[in-house]
Amino acid sequence: RTADEHLHQALERLQSGIKWCKNRLVLIGEVSSEYVPQLTSVNLATLVQGLISGRQMPHVTFPDQSVWINENLCALMLENVIVNALRHGHPEGPAVSLHIDLQPEPRTAEHTITFRVTNRADPAKPRITPEFCQQSCEGNHQQLRPGGLSDGLGLGHIFMIAERLGAVASLTQAEGEDTVVFEASMPVQVCDDRRISVSSTAVPEQPVPSAVQQRPWNLRFFCAEDSALSRRLLNSNLKRYFEGSCVEMFGATKDDLEGFAEAALALADVVIVDQNMEYGATTVYGTNLLKQLTALGFRGLCCVRSASTSADDAALYTSSGAHLTLDKGLSFRDMALRLQN
């Protein structure tokens with residue numbers, strides 16, 4: 001090798017070391033509940049470049065877009081997936097690929113971003129099964145070592161980070177196939193390349209406890225949301241953090257919202273509405289639903305979940321009957337903390 005090649009390799013290793021130190025600090029803070037997540041405008045090309053630098057990954061695709069995401073957690077999740085796929089895939093060549101897909105959600109301003117990492121499995125190791133993934137997430141992984149990731153601890157951390165991102169994640173290997181597939185999907189908003197922290201314009205929030213209370217809540221949640229993915233995530237995470245609770249989702253269509261206020265008045269303990277629900281040329285405002293509820297005499301907890309959380313926005317929500325504003329930039333864990341307190 002030439003001196004320039006050695007220098008280039010040394011620079012890549014230095015950058016890799018810096019990245020690993022940063023990721024380790026993020027992970028330590030996340031585990032100890034000290035990490036404060038923020039959404040920033042991230043160019044996907046820049047994100048991908050940081051992930052593949054110094055690696056042999058010829059199969060990489062991504063859209064030329066910038067989106068609002070938690071860059072540190074997203075990079076940490078994908079870094080762990082890629083490292084383990086390279087290290088524990090097929091010994092003759094793991095053939096790791098990374099694909100990012102960005103699709104608009106019908107009738108909304110949101111998009112769904114899907115991160116997909118694939119690799120050839122090591123034929124000497126057991127096939128990855130749903131049972132393994134479930135036990136890894138629950139922390140029961142001492143005796144299980146499949147072929148896609150190094151061990152259950154690594155997989156458990158990856159799924160923990162995905163949950164903090166508000167993503168639905170999966171790791172699969174079809175029976176008889178040698179391809180391991182990791183996917184994580186979550187709602188995002190497309191933006192320009194200005195690097196601005198969402199928290200700089202958000203309404204200041206009161207400090208919240210670091211631990212979600214794990215006990216039977218037995219609440220009845222009624223939620224209005226036009227995004228299919230957001231409905232799915234809300235449904236699963238409310239049931240996860242509020243044990244024993246029932247969750248009713250509305251908003252798949254405009255007609256689905258007819259009678260929402262009356263139904264919530266009769267049955268709901270907590271109401272969570274998206275502020276801007278778009279159905280073609282028609283926009284249904286969550287604050288109008290709350291006004292209907294207030295007029296009917298609803299006595300439960302009313303919440304607006306929105307990406308718009310300026311002081312003026314919060315004043316509008318409060319005047320419409322909202323007790324709590326839930327920033328869409330919050331992880332579902334932090335959303336649960338605010339609801340519980």
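A nonpolar core is a set of buried Ala, Val, Leu, Ile, Met, Phe, Trp, Tyr and Cys residues joined through side-chain atoms within 4.5 Å; buried means under 20% relative accessible area with a 1.4 Å probe, protein chains only. The model is predicted, with local features needing pLDDT of at least 70, side-chain atom pairs counting only at pLDDT 80 or more, and totals for chains, interfaces and linings using all residues. Residues are numbered from 1 along each chain as its sequence is written, and side-chain values use heavy atoms, leaving out hydrogens and water.

Select Leu 47, Met 77, Leu 98, Ile 113, Phe 115 and Phe 182: in the largest nonpolar core, of 44 residues, these touch the most other members. Next select helix α3 (residues 71-88), which supplies the largest share of this core, 9 residues. Helices (H or I, at least four residues) and strands (E, at least two) are DSSP runs, numbered from the N terminus. Another core, of 21 residues, lies apart and includes Val 273 and Val 284.

Now show the open sheet of 5 strands, ordered β10-β9-β11-β14-β15 with parallel pairing; strands pair if DSSP finds at least two bridges between them. Because β10 (246-250) and β15 (324-327) each have a single partner strand, one side of each has no neighbour in the sheet. Select β9 (residues 220-224), joined to β10 by 5 bridges, and find Ala 224 opposite Phe 250.

Move to the antiparallel pair β12 (residues 276-279) and β13 (residues 282-285), with 4 bridges. Val 284 is the bridge partner of Met 277. In the turn of this hairpin, Gly 280 has a positive phi of about 65°.

Finish at helix α10 (residues 332-340), where 9 of 9 residues are buried.

Notes
Buried < 20%, exposed > 50% of the residue type's maximum accessible area, 1.4 Å probe, protein only.
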